Amino acid sequence: MLRLTCPCCGVEADESELTQGGAAHLRREGPGSDEAAFEAYLFLRDNPKGPHLERWRHSYGCGKWFIAARDTVTMQVFGTYPAQGSGPPPDIAARMGGRA
Amino acid sequence: MSGRLATGGRLIDRSRALEFTFDGRRLTGFAGDTLAAALLGAGEGLVGRSFKYHRPRGIVAYGPEEPNALLGIGRAGRFEPNARATQVDLSDGLEAESQNRWPSLAFDVGTLNGLAARVLPAGFYYKTFIHPRPFWKHLFEPVIRRAAGLGRAPRHRDDDTYEQVHAHVDVLVVGGGVAGLAAALAAGRAGARVMVVEQSAHWGGRAPVDGDPVDGRAPDQWLGQTLAALEEMENVRLIPRCAAVGVYDHGFVLAAERLTDHDPGAPGPRQRLWRIRAGRVVLAAGAIERPLAFPGNDLPGVMLASAVRDYLVNHAVFPGDRTVVVTNNDDAYHTALALVAAGLRVPAILDARAAPNGLLADAARAAGIRVLAGHGIAGVAGRQRVAGVKVCAVAGEGAVVEEIACEAVAMSGGWSPAVHLWSHCGGRVAWDADRAMFRPDPAHPPRGADGTAMVIPAGAANGRLSPAAALAEGTAAGTAAATGQDRIDGSDDPTGTDIAPVWMMPQGAGPALRAKAFLDFQNDVKVADVDLAAREGFESVEHTKRYTTLGMATDQGKLSNINGLAVLSQALHKDIPAVGTTTFRPPYVPVTLGTLAGEARGDLFQPVRATPMLGWHVEREAYMEPVGLWRRPYCYPAPGETHEVAVAREVNAVRQGVGILDASTLGKILVQGLDAGRFLDMLYTGAMSTLPVGRCRYGLMCSEQGFLIDDGVVARLSDDAWLCHTTTGGADRIHAHMEDWLQTEWWDWRVFTLNLTEQYAQVAVAGPRARDVLETLSGDIDLTAALPHMHWTHGTLAGIPARIFRISFSGELGFEVAVPAARGMDLWQALLRAGQGVGITPYGTEALHVLRAEKGFIMIGDETDGTVTPRDLGLEGMISKKKADFLGKRGMERSHLAAPDRWRLVGLRAADDSVLPEGAYVLDAGRTENGQRATQGRVTSTYWSPTLKRGIALALLRHGPDRMGQSVDVSRIGAAPIRATVVAPCQYDPDGGRMHG
């Protein structure tokens, strides 16, 4: 059971307080997008063995969504950061070693 | 025959004799005994029958690795099957029964399986499942079902209680032996919060039994002093009878504690599940002795050498007058010496090694014990228990050179570190060829959140078998764990390197002998079975395990895994590391379901959400149904009324007079802010920003895929505020959906959402007399022409501040009145009083469903299942054509969602006006590619309509709306299809005059 720190309220939360929300930083495709781009947006996801950026919601806490940078094999957590952005902050990216 | 010595036994209290029964026979043991010790002490050698061949089986081990002595304990509400006798503390009056035998333990019909062993080979189940099928159904299954299986499931409710608790510690030490206690002492002295869990009732592990000095002191002396020092530390908590069963991500560990099993009748919960979050785990779980594979090694009386020594030293229990020791390492000599010291006879030590020497061998010879080097066992004499052994040369094919009479055999095939908890969360193991064991591989530990190793193995669990190494490694591990280090410099102690790996005895044994040498006692897997699997092409150890069932019993192969792996590697002519290991998974030992459930049973199974009027419904004896966590009235049967009659009465009341429904469970989400309109336009398929204040609009929400996920009425409260009603089940989900988009996609939009579901009680007042009832409650609200359909207003009703929505889900004149939750009961009572004269009738969810189905209104979850679009439901009108974008717009443009041949909403009317079966399919001509009957639609809602006095149904049907008046066939289970006519979904008051009136 993972333990992640919510960057909004600062609570170190057990996984049972959180909801996983899949890959982070997807770019939404709306009307006018071509079939391939829309298919990729809806269905195609990387399934990396190693560092991964994923969405989590502190459902049974402050209710905020955030992003966790996590290694899917070792469960190492490189950091968590707010969901409002398009990528990890530099310090977390550095800890991931440019592997995501 | 086993028995009890007149003196000795370091754990027993001879002044406290305890009576217990085994299969109804009254027996006696002592306080401090386990059930296994008491049974052996009472001479009970035969404790069970094996799973497959029903062979007689006796106690083999001393700890949780015991494969055979699985017993049913207790009776009625305190009965537990499959308890390991080695882990059951003896208590006065304990009732135990053997399992897996019929008609009796001594005479078991299933033994015939043993005679028929040649037709029950490895992979029997797989082979038989395939071919021939009738054999399985009529021959094998009935017989096997009768004879197979472990204990019987309890038939009574569990009378005991269980609890779960959380713990947060810096260092969790697993195992209370020398290494574990040394680790706790070091970590405690470093100031860490320490918790030590020990699965048995006693501290010290093997040291007090083996007797080697610890830190220059007698082991019991060291133990006493160490425990005293630990108990003085406030930051250290010692918990015996507590087994760590699983290690999970980020230092999460589950441990199961037995609280009152040893003291039945004591107050409090029976067992406790610890949910531990540990900064670092010191794994000092010890090691498990391996059996040797020789013909007849499963006969009662053949035991692990260490277990023989444990029973002897701790309980003064001996396995027989004469015990032959058979070994491939030095450690078993301890057992021979202990037996002789207790005055028992050891006719021989059969040592597989060519030239055993060293201190222990010398000591054995000096004690007058005959040591036969290079010898092993070719067979065991006796039917239900050991009568003697046939000695052979280990190197040969099993020619018997001598027969030795004995009552017991103590075997040792070396030691396997208990690496299970290391492996649960990704730790790998490495083969230590010098010691013939898998050890934790420090290069591949289970890692924690910071990327460091979260488990540090120490002592025997790390493959270091001497007390000196356990002390050194435990101390180092405790210090490391308390100071942020994640590894230790391991000891280079050579203990155990004297082993000569012998995986089958004799080494040249032919098929006949290999078919009598058991690897997995509980699942009856023999050396010959693994050989067969290898011959049939099973090269992967994971496949072999499943094919032979090796290691798949409730002991999870604690005794059998390594031996089975070694036999497989020999059969494949590969090295053991090249064959690899199977994966260890939690739990390390079985955990009772009660412990896993904890307090979550009965009334505490899950929270119940209560509307303010729930008490009234219950008092009125409404028939309740769960809707999510809510409890809602299904109907309110009058005395003597069936549910069907009650529902019909409630429907008629709404159609002809007035009914009230507790609609408080409907989701109510306030969406407010400068960008709220823009936001709702993205969320709903229709336009909400254009809704005037004071008006209501029905809205549909879709997923990005274009499928309908929720519906409800939206009311515009003010310039910048909308109240969104959701379905009862959708409130939390839709609120989360809104927050997801607001927080992660449109985070610069100025919108707040608030789930107000529980802040308001809401009552639907529906029927031609609805306005009359509300007007009786006076107040200041004009409910006539000033409040047309799909408008809302607010004011005071019966002295209660209220918001009144003129909306209808029944097709009748309808109002929904929302008041602060605390006033909900007042409103309900006021409505009942006001409507008394016109027969106001509370109605439940079933009447609600019938009413809406008569009108052809859809219900999320009935007409939708996550693959249905608004267009499928004839709701094209609800989809804005003007909006450039909304969630689901692009998704609905996908070719298969826009395809003309989708199943679309219609009504169905059975030719005989009966109620169509729920979930029935509309049949099509021909068959599918899979040979199944082709279908062209399905029934989504079907009810008896009291209004129309016939069955009504909604269905999704291919080209449905274009097929009005056509006949279709609807499937029935166990009966011929029934004819039905395609009709419009709305079968009552299609022009809506009643609703708008």
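Modeller: Happy to! Let us begin with a word we will need all the way through: a residue counts as buried when its relative accessible area is under 20%, as exposed when that area is over 50%, and as partly exposed in between. Please also keep in mind that this is a predicted model.

Now find helix H8 of chain B, which covers residues 305–315. H8(B) is mostly covered, with 10 of its 11 residues buried. The buried residues of H8(B) include B:Ala305, B:Val308 and B:Leu312, but B:Arg309, B:Asp310 and B:His315 are on that list too. Just past the end of H8(B) comes B:Ala316, where phi is positive at about 55°.

Let us stay with B:Arg309. Is B:Arg309 buried or exposed? Its relative accessible area is 1%, which is under the 20% cut-off, so B:Arg309 is buried. The side chain of B:Arg309 has a charged partner: B:Arg309 and B:Asp331 form a salt bridge, with N and O 3.1 Å apart. These two residues come from distant parts of the chain, 22 residues apart. B:Arg309 belongs to H8(B), whereas B:Asp331 sits in the loop between strand E18 (323–327) and helix H9 (332–341) of chain B. B:Asp331 has a relative accessible area of 17%, so this residue is buried as well.

The story goes beyond a pair. B:Arg309 and B:Asp331 belong to a network of salt bridges that also takes in B:Arg206, B:Asp210 and B:Asp310. B:Asp310, like B:Arg309, is one of the buried residues of H8(B).

For comparison, here are other salt bridges in chain B. B:Arg487 pairs with B:Asp486, and their closest N and O atoms are 3.2 Å apart. In this pair B:Asp486 is buried, at 16% relative accessible area, while B:Arg487 is partly exposed, at 44%. Another salt bridge brings together B:Glu876 and B:Arg904, with an N to O distance of 2.4 Å. That pair also links distant parts of the chain, 28 residues apart: B:Glu876 is in the loop between helix H25 (845–854) and helix H26 (889–892), and B:Arg904 is in strand E44 (residues 903–910). B:Glu876 counts as partly exposed, at 29% relative accessibility. Over all chains, the count of salt bridges comes to 62.

B:Arg241, which is not a glycine, has a positive phi of about 55°. B:Arg241 lies in the loop between strand E11 (236–239) and strand E12 (242–248) of chain B, and is buried, with a relative accessible area of 17%. B:Glu621 also has a positive phi, near 60°. B:Glu621 is in the loop between helix H19 (614–619) and strand E31 (623–627) of chain B, but counts as exposed, at 64% relative accessibility.

A strand lets you see covered and uncovered sides as well. Strand E8 of chain B, residues 94–97, has B:Leu94 and B:Ala96 on its covered face, and B:Glu95 and B:Glu97 on its uncovered face. E8(B) runs parallel to strand E2 (residues 13–22), joined by three bridges, and B:Leu94 is the bridge partner of B:Phe20. E8(B) also pairs with strand E6 (residues 70–73), here in the antiparallel sense over two bridges. On that side B:Ala96 is the bridge partner of B:Ile73.

Finally, let us step back to the whole of chain B. Its secondary structure comes to 28 helices and 49 strands, and its C-alpha trace spans about 115 × 65 × 55 Å along the principal axes. Of the 997 residues in chain B, 59% are buried. Among contacts between residues at least 6 apart in sequence, 66% join residues at least 24 apart. As for charges, chain B has 102 positive and 110 negative ones, and their mean positions are 5 Å apart.

Terms used. Residues numbered from 1 in each chain as written. Chains lettered and ligands numbered in written order. Predicted model: local features only at pLDDT ≥ 70, side-chain atom pairs only at ≥ 80, totals over all residues. Heavy atoms only, no water. Helix = DSSP H or I, 4+ residues; strand = E, 2+ residues; numbered from the N terminus. Buried < 20%, exposed > 50% of the residue type's maximum accessible area, 1.4 Å probe, protein only. Contact = heavy atoms within 4.5 Å. Lys, Arg positive; Asp, Glu negative; His and termini not counted. Charge placed at Lys NZ, Arg CZ, Asp CG, Glu CD. Pairing = 2+ DSSP bridges. Salt bridge = Lys/Arg side-chain N within 4 Å of Asp/Glu carboxyl O.
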